[in-house]
Amino acid sequence: MRRFSLHAVRFLVLWTLLQCGHELVAAVPPGQSRSRNHGWYDYTAYTDCRGQPEPALYNGGVLRFGNSDDPTGYRTTETGVFSPAYVVYNLNKTTMYTFSSWVKLEGASSALITARLAPDNAGARCIGTVLARNDCWAFLKGGFVLDSPTQTSVIFFQNADKSPMKITVASGSLQPFTPDQWSMHQKDTIRKRRKRMATIHVADQQGARVVGASVSVRQTAKDFPFGSAIASTILGNQAYQKWFVDRFNAAVFEDELKWYSTEPMSGQLRFDVPDQMLAFVRSHRVMVRGHNIFWENQDATPSWVKGLSPDDLRAAVNGRIQNLMTRYRGEFAHWDVNNEMLHYNFYEQRLGPNASAEFFSVAQDADPLATLFMNEFNVIETCDDVSSTVDTYVAKLKDLRNAGAVLEGIGLEGHFLKPNIPLMRAVLDKLATLGLPIWFTEIDISNRFDAQTQAVYLEQVLREAYSHPAVTGVMLWTALHPSGCYQMCLTDWNLKNLPVGDVVDRLLQEWQTGQAAGPTDAHGAYSFSGYLGEYIVSVTYDNSTSQATFSLSPGDETRHINIQI
């Protein structure tokens, strides 16, 4: 076997690209470093196609070069698989790199373009995607973390089907963040979005300030929905029920509402199990998501449905919506209307391309108070799945809304292998431009990893999800069965925590106020910073005690609560 030195590998990579006609932009040459980063992340993203590219984020970051007055820096190459490209040097292990660029095509009207990173002598990986067009500029945002440091890496753009195409990029940016900077930004966003300052003012019956009163504040409920899937195994299991309600304020039924469960044979309706599960969550004031009305996956379709004629199928789906939504009208906060429609098309293939939009419209009429969601996998988990890129999700959502669907929620399943946290944030940034609530609906980590690795990856995912300002709820896909869980269990069957369960318990404890206490100051006030939610305050002074309840809802201003004693 012939071996090449690292310098030879560098030369071969660059020579190969140049022979294909690629323009290469060198950034951060060997032996030099460049850092213009002060630790603050830029959430800016775009999902609309624009006449001109916007200036580069972070002024280009480590890709900045040449004339500093050039805000875009157009780069173009005629054809080729790797077209165009940046060469970057001395990338670090564990550093969070966020990458962005504006992309435009020539020739083809539209195409899915992938930005890929080829570090040293290793294979290329996807770091971001964009649905690009020839009549405007589209924004690509992604990122990556390396497993080991590299001396020479190439970032190149490629048509997803690898066919040659002329690609023009502008305003490229590669910005590094240390793990500490990334964590600092998460904490700062949590402080701004998940918490609020509050001041308790204490006065006597004449309105005089009471100095030195003892104030105790305790959070009784959380505003942010954080929950888990449950299955019929929770029914009658008092220990499991207590374990669940001690931790979670949201739930979703794993399989019990799916069509194959509620109507295994035509006309044979079975709602007894979901009725009991609903009674359980209702009795403990747990909000619950409806999952799902339809599932485009043929393998998840009731067997009796698969052979129906189009007319009979249409009658069956209308009956399904009416039976389900009429029975549970007003009970479920959300409904996943047509699950995983980016990957599968059982109903749309048989009922036409507008079938999903019709499902949404009928569901909205049947239960107008429920928020209707798309729900999909591999949008947030990876950018290697060409069926469910972030722009594909956005395009489908916009098509449904243009067809009249009342679609008000973005559902991201979150079945992760090894998470790419900078990519995860970049995808959330783009989805946030739609102004809709974003929920992680089925988070777990693949069981191909050992328990400790699952715990590390789960903590990364949960911290990123909870800290992103556009995320409004998190659900774990961890319904417990005697035989285990889908991919990841928080506990064993005896409710003894596994490593991922320890992570969840620790984060739930971290993300609550607990109890705050102290004396009123010279102005008769006691101030604290609390997580959003419901509170009870108790004030004691000279053997007199007064109690009150209040809520901390989202807001930038300090919440003022007046207590008379």
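1. I begin with the lining of the largest pocket, whose residues divide into 13 nonpolar, eight polar and nine charged. Please keep in mind throughout that this is a predicted model, and that every value quoted here was computed from that model.

2. The space in the largest pocket comes to about 790 Å³, and its lining is made up of 30 residues, among which Val145, Pro419, Asn420, Ile421 and Gln460 lie nearest the centre. The elements that contribute two or more residues to this lining are β6, α2 (179-193), α11 (421-432) and α12 (451-467). Which of the elements gives the most to the lining of the largest pocket? That element is α2, with five residues.

3. The second largest pocket holds about 680 Å³ of space. Its lining counts 22 residues, and those closest to the centre are Thr220, Ala221, Lys222, Val245 and Asn249. At least two lining residues come from each of β11 (214-222) and α13 (499-510), and β11 gives the most, with five residues. Sorted by class, the lining of the second largest pocket has eight nonpolar, seven polar and seven charged residues.

4. Turning to the cysteines, how many disulfides does a search of the whole structure find? The search finds three, and if the bonded cysteines of the protein chain are numbered in sequence order, the pairing reads 1-3, 2-4, 5-6. The next three points take these links one at a time.

5. Cys49 is joined to Cys136 by a disulfide with an S to S distance of 1.9 Å, and the link is right-handed, with 95° about the S-S bond. This pair connects distant parts of the chain, 87 residues apart, since Cys49 sits in the loop between β1 (24-27) and β2 (75-77), while Cys136 sits in the loop between β6 (125-133) and β7 (138-144). Are the two cysteines buried or partly exposed? Cys49 has a relative accessible area of 26% and is therefore partly exposed, whereas Cys136, at 5%, is buried.

6. A second disulfide is formed by Cys126 and Cys383, with their sulfur atoms 2.0 Å apart; with -135° about the S-S bond, this link is left-handed. Here too the pair links distant parts of the chain, 257 residues apart, with Cys126 in strand β6 and Cys383 in the loop between β16 (371-376) and α10 (390-402). Cys126 has a relative accessible area of 6% and Cys383 has one of 8%; because buried means under 20% relative accessible area, Cys126 counts as buried, and Cys383 counts as buried as well.

7. The remaining disulfide joins Cys485 to Cys489, with an S to S distance of 2.0 Å. The link of Cys485 and Cys489 is right-handed, with 110° about the S-S bond, and Cys489 counts as buried at 15% relative accessibility.

8. Among the strands, β8 (residues 150-159) deserves a look, as nine of its 10 residues are buried. Strand β3 (residues 85-91) pairs with β8 in the antiparallel sense over six bridges, and Val88 stands opposite Ser153 of β8. Strand β5 (residues 110-119) also pairs with β8 in the antiparallel sense, over seven bridges, and there Ile113 stands opposite Asn159 of β8. As a reminder for reading these pairings, strands of a sheet pair through backbone hydrogen bonds, either parallel or antiparallel.

9. In what order do the strands of the open sheet with mixed pairing run? This sheet has three strands, in the order β22-β10-β25, and its edge strands, each pairing on one side only, are β22 (525-531) and β25 (559-564). Neighbouring strands of the sheet are turned against each other by 25° on average, direction ignored. Strand β10 (residues 195-203) pairs with β25 in the parallel sense over six bridges, and the bridge partner of His201 in β25 is Asn562.

Conventions:
Residues numbered from 1 in each chain as written. Predicted model: local features only at pLDDT ≥ 70, side-chain atom pairs only at ≥ 80, totals over all residues. Heavy atoms only, no water. Disulfide = S-S within 2.5 Å. Helix = DSSP H or I, 4+ residues; strand = E, 2+ residues; numbered from the N terminus. Buried < 20%, exposed > 50% of the residue type's maximum accessible area, 1.4 Å probe, protein only. Pairing = 2+ DSSP bridges. Axes fitted to C-alpha atoms, helices over the stretch in contact; angles between N-to-C directions. 1 Å grid on protein atoms, 1.4 Å probe; cavity = no way out; pocket = protein on both sides within 12 Å on 5 of 7 lines; lining within 4 Å. Points joined across faces, edges and corners; volume = space filled by probe spheres on them. Nonpolar A, V, L, I, M, F, W, Y, C, P; charged D, E, K, R; others polar.
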